[in-house]
Amino acid sequence: MVWAGEIGDGYKMLFEVYEKIYESKNLQKIEIFRTKFGKMLLIDGCIQLIEKFEKTYHEMLVHVPMFTHSNPRKVLIIGGGDGCTLREVLKHNPEKVVMVEIDKEVIEACKKYLKLDNGSFENEKVEIIIKDGISYVENCKEKFDVLIVDGTDPNPTSMSLFSREFFLSCSNITDIFCMQSQSPAFQEKLIKTIVKNTSFFKNRAFYISCIPMYPFGIWSFLIASNKLEVRPNYNELRTKFANKRIETEHYTPELHVSAFNLPKWIAKLLT
Ligand code: SAM
């Protein structure tokens, strides 16, 4: 048997792999495997997604901010090279989506071998920019309704996606900011950095989701805004969800609301 997955500080999460479908090592090490749970994407030895479970992550990363905004027409995605965040954003029928991904090989490999984007990369509303997300937002003159950061775990490529300068630049160009804010179970130090570096936002809230494909199965997200309320309003969410008729497998307005009710130990970490 051959095993692959993520080995971290004091833990490992491995899956039996039937076949290695793709591997390259340039800017980052990209690997795609076939497992019992569908295809698995690793970048620099960290699990990015597993086909069977990826919606638990992408639907919560996308539909929470998209349903929080009253009318998200222009959306910016930083990272997200596998195309799944883009796929979910397009379900809201926005006018324009800009996706800024630093590593074009992630997009090329995922388009060809992962095939979870549902043709999103080819959608005429989508503009793909191959660039470092940090320098893009620093120099960006355009405004967006929603900005979503779907970055990798901190590595030399993604580390500055957690800096105060990056968050400040993001806050200048968007109404709603949302990011995956890592694991409350084993990345406490990094989460504290995120809490500190985003403290300038007027409105800010963390939410969690059960994500079976990531180590320890629980993941946190941050939603923030200097203009809009980010905490959920159930009646509004129910109406928007019914009106938009978006197909989901994981997200519901009920789950959206409950995701903000944090267990005590996580709430303590996030304040
Ligand atoms: N959901 C995943 C996770 O947390 O494990 C992230 C998935 S997505 C594949 C992450 C993407 O962020 C990668 O394709 C990576 O190349 C991209 N990325 C990392 N640093 C970046 C940066 N500074 N600017 C733009 N994209 C970046």
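Visitor: What does Y207 touch, leaving out residues up to four places away in sequence?

Guide: Y207 touches M60, L61, V64, P65, C178, W219, S220, F221, I223, A259, F260 and L262, where contact means heavy atoms within 4.5 Å. This is a predicted model, in which local features need pLDDT of at least 70, side-chain atom pairs count only at pLDDT 80 or more, and totals for chains, interfaces and linings use all residues. Residues are numbered from 1 along each chain as its sequence is written, and side-chain values use heavy atoms, with hydrogens and water left out.

Visitor: Which residues have the most contacts inside the largest nonpolar core?

Guide: They are M40, Y207 and I223, in a core of 58 residues. A nonpolar core is a set of buried Ala, Val, Leu, Ile, Met, Phe, Trp, Tyr and Cys residues joined through side-chain atoms within 4.5 Å; buried means under 20% relative accessible area, exposed over 50%, and partly exposed in between, with a 1.4 Å probe and protein chains only.

Visitor: Which helix gives the most to this core?

Guide: Helix α1 (residues 54-68) does, with 7 residues. Helices (H or I, at least four residues) and strands (E, at least two) are DSSP runs, numbered from the N terminus. Another core, of 33 residues, lies apart from it and includes V149, F166, I191 and V195.

Visitor: Now the sheet. What is the strand order?

Guide: The open sheet of 7 strands runs β8-β7-β6-β9-β10-β12-β11, with mixed pairing; two strands pair if DSSP finds at least two bridges between them. The edge strands, β8 (126-130) and β11 (203-210), each pair on one side only.

Visitor: Why is β9 largely enclosed?

Guide: Strand β9 (residues 144-150) is largely enclosed by the rest of the structure because 7 of its 7 residues are buried. Strand β6 (residues 74-79) runs parallel to β9 and is joined to it by 5 bridges, with V75 opposite V146. Strand β10 (residues 174-180) also runs parallel to β9, through 5 bridges, and F144 has T174 as its bridge partner there.

Visitor: And what does β9 make with helix α5 and β10?

Guide: With helix α5 (residues 164-173) between them in the listing, they make a right-handed β-α-β unit. Right-handed means that, with the strands pointing away from the viewer, the path from the first strand over the helix to the second runs clockwise.

Visitor: Where does helix α6 lie?

Guide: Helix α6 (residues 188-197) lies across β10, β11 and β12 (218-225), at about 155 degrees to β11. Axes are lines fitted to C-alpha atoms, for helices over the stretch in contact, and angles run from 0 to 180 degrees between N-to-C directions.
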